[in-house]
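The following exercises concern a single protein model and are to be worked through with its coordinates at hand. Each task is followed by a solution in steps.

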Amino acid sequence: MAQHTPPLLVMLLLCTLSANSSFQPALVLEMAKILLENYCFPENLVGMQEAIQQAINSGEILQISDRKTLAAVFTVGVQGALNDPRLTVTYEPNFVPVMPLMLPSLPVEQLIRLVKNSVKLDILENNVGYLRIDRIIGEETAVKLGSLLRDNIWDKVAHTSSLIFDLRYSTAGEQSGVPFIISYFSDSEPLIHIDTVYDRPSNTTRELWTMPSIMAERYGKKKDVIILTSKRTIGAAEAVAYTLKHLKRAIIVGERSAGGSVKVRKIRIAQSEFYITVPVARSVNPITGQSWEVSGVSPTVIVNAKEAVTKAKSLLAVRSAIPKAVRHISNKIGRFYAFTDRVPALLQHLQSTDLFSVVSEEDLTVCLNQDLQSVSEDPRLIIKYMQNNGAIVEEDPELYKVPEDPELLRAMVDTMFKVEILPDNTGYLRFDKFVKLSTVDTFDELMAKKVWKPLKDTDNLIIDLRYNTGGSSTSLALILSYLQDSFQNYNFFTIYDRIQNTTTEYGSLPKITGPTYGSKRGVYILTSYYTASVGEEFAYLMQSLHRGTVIGEITSGTLMHSKTFQIEETNIAITVPFINFIDNNGECWLGGGVVPDAIVLAEEAVDHVYEIVEFHHGLRSLIEETGKLLEKYYAIHEVALKVSKVLLSKWAEGFYWSVIDLESLASQLTADLQETSGDHRLHIFHCDVEPESLHEVPKIPTAEEVGYIINALFKIELLPGNVGYLRFDMMPDVEVVKAIGPQLIKFVWSKILNTDALIIDMRYNTGGYSTAIPLLCTYFFDIEPLRHLYTVFDRTTTTMTEVMTLPQVRGQRYGSSKDVYILTSHMTGSAAEVFTRTMKNLNRATIVGEPTIGGSLSSGTYQIGDSVLYASIPNQVVLSAITGKVWSLSGVEPHVITQASNALPVAQRIIAARLLKTDQGT
């Protein structure tokens, strides 16, 4: 129940009382006392009594003369304030308390009659049990009638195949009977925590668990149980339904239950004739943390109560068919699935899948399909519900078979291929299916004459697959062979057929009739949403082989690598891929459609070919120019030479056919540069306006700006244990630091100078100017001797500069004896990283946090030719003062690695531990 503030309760209780009555304020105080001592949510009443007394003393209570009206006002107030409709106040001058019927005290014969009147058992068709219980008997009564209940009810139910448990008319019962019923539908081990009941008057909490042994043969947890509920179902029956539902032991069918209470009491308010009904106990389910009280039990399947039995029977029929359907699905996967290594895991997962919530074939389909997809990671393996139970139609392979008759074959080739020479000496080839070849020679001769001879002297070639819906993979190798150099052998693809248990490799044909088109000229493949099956395989392979540029729409994603089977006696079908199509890189293609390099409308694809061809003409020069810039400016010359060579090699091998504009070229170049060099700082970007220099001459601040700069850049704090904390998020230029030096010493440095240890927070410092690093470092070393911090090699000037601490600085030094801790994150970079690495390298600081970004000390931006592409190239490297070797490009590794968000408390704990050791003299 939601908590409400006591003043709200007071207002709702008191604000509507009118004047001129003999009503005494003591009645309100007595009612508040009853609530405080008995209401099962005492935490919602904190401060209520004091607030009421204060309101009485201040004269806020007004009075109502009519007692029933007063009771109604109290009810509205208390229900509204505590959001609990079970709280009611009544005026009953003639109320006679009724003692509840105590069943255990009744004679056995009377108990037997009561049980017979409240329990009905029947065995329906297909050994489905039907058990109706209108009253949940308590533990004492159950013990008294033990053998009778066991022999006439529970043992008979235990031998049914499934059960309909009817609680629609259960309006009475005892909570003590709930554990037995839950135990009956559970195994003996392990014991299950089923409920926690808090009783307010005794202020005790009791946990309810399943029972290790019961007086009857258990129904267990394997067989299906469906519980029927109605709007009348209340009390202990709700506890049973709610618990079994959330234990995933029963499916609830019918209407939402009444939403009763564990225990309510009607209590007289002092010696008046007013009574308040109060829920004195509450239930908390250990699984949900909530309860069935007030809100009721929501059904899994909602139907009118009078239709619940019929619905339950149909659900049991569906669920009884589940094991058989799963067995059939497992059989199809075991026999046909192409990834044989994944079959055992899939079959095991099918056996262990939780199908508790399945109430229809549609549910079963969704559940199994999600599980198979997650385990197999294969989008081709699909289970689907066929609503109209339509016939499964498979493509006829004879449609693509090449005729043996020479005349028919010639006619087929003439009509199959459309060849044209378009403007700018661009060849055009369209064919709408791939034929099935049993022998290559005759078909090859005809195709060479029809296709390759007319196209042999074109500058570029368009292959139009926009209307190609597939066919046979056997003709792929022939067409691909014409698009490669004849003097090289290629492995195009491999097909594994699970049904035939064969693996077939397809590569360059040793001999083809016509002239090859070769690998140097551009090939542009046009696709549409209609491109399917083997047409998609061809487009995919042209990308995988780096032999062409795909232009158009994403293809249909329809691979003919699968068989679809109807699951017997259901409307469920499973599609099982029995063929694996493995590309030239050894990757199995799972389909899903080919994504073109240039996504355009299919009808506009030809026009885009000409734009991309023009772009490709200038591609080599841009790549060469990029390599030249690297060789001239990149700080590590031998790496630049290697990268430049690799770029041209990749271009020659066709890796840049997928590049279709300057943006994609920038992306591809960046990826290749970073992969080959191992330096993530190398970057190519597209910019229509010439970028400004990243490091302009810094502006010296005016006197008015100094205070603002210090407040914006620096944050200082004195932490417990006399530990200083200094954070700054940008490395300012040394001239700026000198200009604001006096104020910096006064407002920042002097506040942390006399601390026992210092934490420097660089977690949010992404860099800036490196010129201030020597000055900053100097403060943490003694005057003599001067320390060699690091050496900078500048590629643009080919100079080596040793960076040293300074002989003099403004203000006092922190010195070399006190501990310094630097906090880092993945954001820490550039000059901030150099400072951090220097302090670590010279053993002057303990680094705590995350590895830094590995940023550059200095990068230059250079235009690539006369294009709008620019290269960001690190032109300086830093050499260690200790080893003389180039610092790693991968960033600074902290001494203590932790998440950036935890770095500060971790550093504080280290400082505290070191100070403790110092105090103890160890």
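The model is predicted.

**Exercise 1. Determine which residues Ser118 contacts beyond its sequence neighbours, and whether Ser118 is buried or exposed.**

Step 1. Once neighbours within four places in sequence are set aside, the contacts of Ser118 are Arg132, Ile133, Asp134 and Arg135.

Step 2. Ser118 belongs to helix H5.

Step 3. The cut-off for a buried residue is under 20% relative accessible area. Ser118 has a relative accessibility of 8%, and therefore counts as buried.

**Exercise 2. State the strand order of the six-stranded open sheet, and identify the helices that pack against its strands.**

Step 1. The order is S2-S3-S5-S9-S10-S13, and the pairing is mixed. Strands S2 (119-124) and S13 (301-302) are the edges, each pairing on one side only.

Step 2. Within this sheet, S3 (residues 128-133) and S5 (residues 162-166) run parallel and are joined by five bridges. Val128 has Ser162 of S5 as its bridge partner.

Step 3. Helix H5 (residues 108-118) packs on the sheet through S2 and S3, and its direction makes about 50° with that of S2.

Step 4. Helix H10 (residues 308-320) lies across S2, S3, S5, S9 (225-229), S10 (251-254) and S13; relative to S9, H10 runs at about 160°.

**Exercise 3. Compare the end-to-end span of helix H7 with that of a straight helix, and locate its bend.**

Step 1. H7 comprises residues 146-158, and a straight helix of 13 residues would span 18 Å at 1.5 Å a residue. Between the end C-alpha atoms, H7 spans only 16 Å.

Step 2. A bend of about 30° is found in H7 at Asn152.

Step 3. The buried residues of H7 are Gly146, Leu149, Ile153, Trp154, Asp155, Val157 and Ala158. Among the elements covering them are H5, S2, S3, H6 (139-144), S5 and H8 (178-184).

**Exercise 4. Repeat the span calculation for helix H26, and determine how many of its residues are buried.**

Step 1. H26 (residues 830-841) has twelve residues, so at 1.5 Å a residue it should span 16 Å; the end C-alpha atoms are 16 Å apart, in agreement.

Step 2. Ten of the twelve residues of H26 are buried, and the helix is mostly covered. The buried residues include Val834, Phe835 and Met839, together with Glu833 and Arg837.

Step 3. The cover over these buried residues includes strands S30 (757-761), S31 (788-794), S33 (819-824), S34 (846-849) and S37 (876-880), as well as helix H25 (773-778).

Step 4. After H26 comes Asn843, which has a positive phi near 55°.

**Exercise 5. Describe the hairpin formed by S28 and S29.**

Step 1. S28 (residues 714-719) and S29 (residues 723-728) run antiparallel, with six bridges joining them.

Step 2. Three residues lie between the two strands, and Gly721 in the turn has a positive phi of about 85°.

How values were computed
Residues are numbered from 1 along each chain as its sequence is written. This is a predicted model: local features need pLDDT of at least 70, side-chain atom pairs count only at pLDDT 80 or more; totals for chains, interfaces and linings use all residues. Side-chain values use heavy atoms; hydrogens and water are left out. Two strands pair if DSSP finds at least two bridges between them. Helices (H or I, at least four residues) and strands (E, at least two) are DSSP runs, numbered from the N terminus. Contact means heavy atoms within 4.5 Å. Axes are lines fitted to C-alpha atoms, for helices over the stretch in contact, and angles run from 0 to 180 degrees between N-to-C directions. Buried means under 20% relative accessible area, exposed over 50%, partly exposed in between (1.4 Å probe, protein chains only). The expected span of a helix is 1.5 Å times one less than its number of residues. The bend at a residue is the angle between axes fitted to the seven residues ending there and the seven starting there.
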